[in-house]
Each structure stands twice: as C-alpha cells, then as structure tokens.
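Let's take a walk through this structure together, going from its overall layout to a few individual residues. Keep the 3D view open as you read.

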Amino acid sequence: MSKIKIVRGYPEYMRESIEAVEKTRDGRLKETFPHMSLEERDEILHKFHPDYKKEAKRPVKVGPNKGDLMPHEVADLLEAHPLIKPEDVDLSKADFDVDVLIIGGGGAGMTAALWANYSGVDAENILVVQKLRLGDSNSIMSQGGIQAADKSNDSPVLHYLDVIGGGHFTNDPKLARRLVLDAPLIIKWHEELGVMYDRETDGTMITIHGGGTCRKRMHSARDYTGLEIVRNLKDEVLNKNIPILEFTSAVELLTDEHKQVAGAVLYNMETQEYYVVKAKSTILTTGGFGRLHIQEFPTTNHYGATADGIVLAYRVGAKLRDLDAVQYHPTGAAYPEQIVGLLVTEKVRGLGAQPVNKNGEQFVYPREPRDVEASAIIRECYERNNGVETPTGMKGVWLDSPMIDILHGEGTIVKKLPAMLRQYKRFDIDMTQDPILVFPTLHFQNGGVIINENAETTVQGLLAAGEVTGGTHGKNRLMGNSILDYSVFGRIAGVTAAKRAKNAKIGKLTLNHVTKYEKMLKEADVTTDRKAPILLPEYRGEKVLSRALDIF
Amino acid sequence: MEIKQKKEKKEEIVRIYIMGREYKVPAGLTIMKAMEYAGYRFIRGCGCRGGFCGGCATVYRVKGDYKLRMALACQKTVEDGMYTSQIPFTPAEKPIYNLEELSPSVNVFLEYYPEIAKCVSCNTCTKACPQDLEVMDYVQAAIRGDIQEVAELSFDCIMCGLCAMRCPTEIVPYNVALLARRLYGKYVMPKAKHVEERIKEIESGKFDEEIRRLKETSMNNLKEMYEKREIEPE
C-alpha cells in the first residue's frame, strides 16, 4: 500500500475540502440552517434512518413480545438457548442470600445500591454484580451532560414537552413525568456527593442546549460528565462497604414457586465457577446493546454492552418495548481509523459547531433530535454524495469545531472539551484549528424492559433501571437524558427494593422458566445453536477463530 | 439505500510482541485491536474502549529503545517492534471515609494519605500519565493542602493507576486527587441556589397540574404545543 501523505493529521487530499469549510465559515457564523417541521422530520426518518430499513428486522418468534419487530441481532439473542441447563446447577444452597441483588455496576446499578442503602438496607444485604470492573459502563463514557429544568426561564413542563416530542410522542408519559420532576433532586444529590458541575462563581449552573431542547438545561463537567459522576458514585459505593463481585456475570435469573424472580445464577468470568444468589429483589441495571453492532454499525459503547439484561428478563417473562428503535448518534468519529465509531459529544454542536458537507455547506440544523440529525448526515453522504471519503472508504461530513473558539473565545475548547481535544491530539489532529470528520454510530438502546414509575418490571421481584429499560424515551432519547434516566430510576429502584426487603418472602429457588423457554423455542420451531446472553463480544481475528481448537 | 462504510484490508504488517510473544498484525491498529486480531479475548484489561475508563493501562517498549512507556491500549497505535504488556489491576490503597464527616482542611490529605509527604519530586508520575496531566504538581498541591489546585489539575484523571505503579515512594496520586475533587465539589464550590428553589417548587406540586394536562391532552394538541414551543436563543 502506497503511503498517503499526512498533513497535520489529515491525508493531503482532504485538505482541499477543509479549505472549502474554512472559506464558508465567516458566512455560516452569521447564519444557521433552519430546523425541520414535524412533517419534514417524519419524511427524512422514513427515507434515511437505519431503523426504517425493513430487511434489518424480523418478528420475534417466542415469548411475551412474540410477533414484535426487532433488529435481527436482538431477535437472535431472544431466539437462543440458555447458557446453562437446570441440572448443571445446584440450587439447594444459596452462596449468597441478600435483600437486594443488583446486576450491573454502572451508573444505574451504583445509584440503586446507594439508595437501597440510604433507604435502610444494610450494605451486607446488598450485592452488586459486575461483568467488568465496578463502574465500567456507558455511564462513564457519557460526555455531554445531564438535563434538569432548574433555571428560572425553564420548567419541568417544558422538559417534559421536549422529552415527549424528541421521542416522537411514543414515550410512557408516567415515566417521562418522573424523569423531569426528579431531575433537580438528582443534581442536588450529585452536588452533595461532590460532583464538580461547571458553575459560575456564584454557584449558578452553566447550562447549554442539546439536540431537541427548548431551553439551555444541559449541565456538564467539562466533557467528562459521565466520568466525574461515576468516579463519585464508585467512591461512595466503596466507602459504604457495599459488596461487589467484579468479573462476574449473571447468566440466568432464578424464580420461585410464586412465579417471582428470586435471585440469579452468576458466573465467574475468570474461574468459570458458578454462584447461586437468593434475593428478595433483583435489579437489572445491565445497560444496552451497542456491542451487538446492529446493521454492522460501529458503536460508541463500552465493551460489555451486549444486551444481557433483556435476555435474562425475557426468559422469566418480562415484557419489552421499543426494541426496534435503535439510536444512532449523529456524530461518531469517521476518521482516523483507530477511533472510528467513538463518540464526538453532542456538546460540540451544543457549543456551536455546525455539520457541513465536503463543499463547506450547511445541510441541517445542528441540533435536531438525534435520529433526525443522523438521518440528515446519512442523506448528505449517500443520496447527495456530498460526504468526504476516508482512506479506508468511510464517508463522513465535517463538524466545524474551530467555530467554537470563534464564537465563545479562544481557549473554550481547551476548557470545555478536553476529552475531545485529547482524543484527536493523540492522532495529530488539532480540532481547534481543523474540523473533524463524523458519521452516525450505534449509540443507545432506546427501548428495553418495561417498567412502571416504581422501576418494577412486569414480573414480581424484578426491577430495572437505566438503558436496559424502555418507555422513558419512547423511540428516541434526547441528549442528556440518559445520565438523568439512570439516576432517577436507579434511585427509585433502590428505594423500591428497600421497601420490598421488609415484606418479600422468597420460596424455593428454581430454573423452571429455563425449561419452559426451551420448550417454547421448540414449539416455535427455532432450530439454532445460538446461546445467550453472550456476555462479551467476539473480536478475535478471523484466521485465529478458524483455527481454534476447543481442547483446554 | 445501501449504507456501505467499507473498510479495505490493510496490507502493511508490523511485528509486535504481546507479553514477549511475537505476532504479525496489520499496521494502524490500536494495541487493543491488535491483541484481538492476534487472538486474545479480553476479560480484564478492556473497558470502555474509548479512553475514558482507564481499564487498559499498558506498558510498552520499542525495540532498540530502553525506555518503558505508558499508554492506554485502546488509544495507542501499534508500532513495529513494540513489546507490550497490560496492567489490568493496581493493588493500591483506597482508605474508607465518610465524606459527610470530613472537612476541606489543609491537613486532610496528610491524614488519609500521609505518604504524599515522601514525594521526591521526581516527576515520574507525570511522565507516566496517559492523559498528560501534571500529576506531580497536584501531588505537591496536596502536600500544601491546596484542594482547588488538586481538583482542577487532576480533573481529567481516568484513574488508570499508572502513576501509582511508577511512583518510587508508593504514593497513589489518583486516589488523593479523587478525595480532593469530592471535597472541592461538596464543600468548596458554591451551591446552585436555583436548584434548591426548583426542588421546593416541585415538592409543592407547582407543575403537577400542567403536566397532568399535557398527559391528558389529545395527540394533535400535544404536537401543536411542541411545535409552537419557544426555543431559547443561543
């Protein structure tokens, strides 16, 4: 392969397009592309959003959502055999007997653990199970911020309207209501934990717009908002001595004769040993499905985002919703190759950077709801052929980041977007001087396990919070509502579980639902050797896998 | 419409040594992806894959150079002749404390992390930091009890543990910094009064009626209200 000449981080041939972007910048600083009407949104979504591609989905053949359309990658997991057989596991003795079992140690899980503890459950009666390290999650990666309507020109009513409109009026209104009404309370709790939100000298929160917001209500901590919150949560969980099992996955939930969830079978990823947990409440906080690479999209998600939670919940009969709605973040990195698919935070647009095509022209309002914005970028690259092609054949549009320092003063990017700046500097790109190339990337599981306002699923004894759930955001989540979601419903799940701890009685542990599920698969003529949950994605090289022997 | 973000196969190959064992991998991969290409499946040493979690701390050296270098496996591109090994866990001290009972005093760091007084200003921690933070400077600030300085200099810390592993006097800079940020956020930064006020309004039920109306109104009405809502200007 002939070497491409690289000039300040970009192949020389891209420089011509960058010059076009520079040429139009002055004019664009004065004029922003108008936003779309609801009809226009509808049209562009139908034509260009990957969710509307019919051949990418199929009706799932078994279970409570039988007949619902889901991406093949999700349906594959629901139409798969359990990892364990009931006869392989000795349920006569529980290795752990707790009030609250929390499956997933990200933002939702840690919040639930802390609030269960605050609500009266002793630390030793809580168990947090985490597939990777405590805190390894999408929560730690979220950059842009958290929404809360706490300014005088704003109100939870307006926040509610934004949430519902952004979700195309498909949200569960009760959950959306809870989300917006509890938001300020979460900000206050975070303040008390020590979260360093960006503030004015008098304490006023510095807030900006996100896609689809009508007020500036995005609170952030530089562009490490998720990291900052998770560091605090993690330290607090450790300080409270809440027991944690790291590198341990839940591979199946347990039920009892009262048809309630009664704990889980865990699997030590390193020693391959199983453990039986009996629990009065089980809270699913397993996050989403980015690592399924739906429609072969790259993803912003962390290594463990493999949809384990929906598989576990579905096996015990919990109802799911909106799993057909996949969120593609409009701006994933399209160049350089090493970081393709990683997040370029919406805060970059929130601070004024516009998406522009190879000719330096605007083609979309910079802050449409995410699915609309993503669709416009796909249209620009594939229908209008106005994208910039990378050396590996990816197409993308420019995000004109140098506008930020022009609009808000030199040093703004250094101060407000250090993570982004660092990310690109590692590959010799200076985003204060040059635009960055972006294309939509798989970002968020909009749907999931159905919950009510108390974070209870449709199955007794099973609660859920965070990305694993569905309803709060309908078919499309807005920026800044995912940290809020896991905080609000993580907290509620912890409180609900603490209440249940007082009265719940757990009977004899069984895996009868596994036997039933197998029967259901058979009756639906599902013949497959797939097993789920998959726990981790498979990224080993093809050559190695083709020669692997299973002898050790 | 077919969205095809094609990737052509790279032909250029580099030789790397994963924990000493030689593998040939395509040039341009990160250490993490190169290890996977070679056949490793991570359980440890891999978290967010995006430079935020600090889970893939890595030590490497390039053939012909004696220097040990530090990086995040997900953020560092492989080089020909690279010897690489991960440090998936740092057995560092993390004292237990109740933040409610602490105060942002000058001595708080010396109380919980007395070893910071042993800092010899060798700057090895700073050189080890894959985030390019001024680690030694903030350790020095901690010795002085300057909470704000520690909090601000350390803010972008992803707690990968490399500074602690390199420190010749066994200081755990990243945990010192965590304590500083929490104290600073909780006790030193001014509180947002508007948050407090809004919580009181919500608790008094001020918005209940309006949200109830939105919940009950017809879809057409709701859509109209949404379209007509006023957008706060930049």
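The centres of domain 1 and domain 2 of chain A, taken over C-alpha atoms, lie 30 Å apart in this predicted model. To find the two domains in your viewer, colour residues 6–51 + 328–442 for domain 1 and 86–325 + 446–503 for domain 2, as the domain assignment of chain A gives them.

Now turn to where the domains meet. Domain 1 of chain A brings 32 residues to the contact, and domain 2 of chain A brings 33 residues. Between them, the two domains bury about 2,600 Å², with 59% of that area on carbon and sulfur atoms.

Which three residues supply more than any others of the area that domain 1 of chain A buries against domain 2 of chain A? They are A:Lys347, A:Arg370 and A:Leu442, which together supply 25% of it.

Finally, move to the surface, where A:Ile4, A:Ile6 and A:Tyr13 form a nonpolar patch. Together these three residues have about 280 Å² of accessible area. A:Ile6 sits in strand S1 of chain A, which covers residues 6–7. Is A:Ile6 buried, exposed or partly exposed? A:Ile6 counts as partly exposed because its relative accessible area is 46%.

Note on methods: Residues are numbered from 1 along each chain as its sequence is written. Chains are lettered from A and ligands numbered from 1 in the order in which they are written. This is a predicted model: local features need pLDDT of at least 70, side-chain atom pairs count only at pLDDT 80 or more; totals for chains, interfaces and linings use all residues. Side-chain values use heavy atoms; hydrogens and water are left out. Patches are made of residues with over 30% relative accessible area and no salt bridge: like charges are joined within 9 Å, nonpolar side chains (Val, Leu, Ile, Met, Phe, Trp, Tyr) within 5 Å. Accessible areas come from the Shrake-Rupley method with a 1.4 Å probe; for residues, only the protein chains shown count as cover. A salt bridge is a side-chain nitrogen of Lys or Arg within 4 Å of a carboxyl oxygen of Asp or Glu. Helices (H or I, at least four residues) and strands (E, at least two) are DSSP runs, numbered from the N terminus. Buried means under 20% relative accessible area, exposed over 50%, partly exposed in between (1.4 Å probe, protein chains only). Domain bounds come from an automatic or database domain assignment. Contact means heavy atoms within 4.5 Å. Buried area is the accessible area (1.4 Å probe) that two parts lose on being put together, summed over both.
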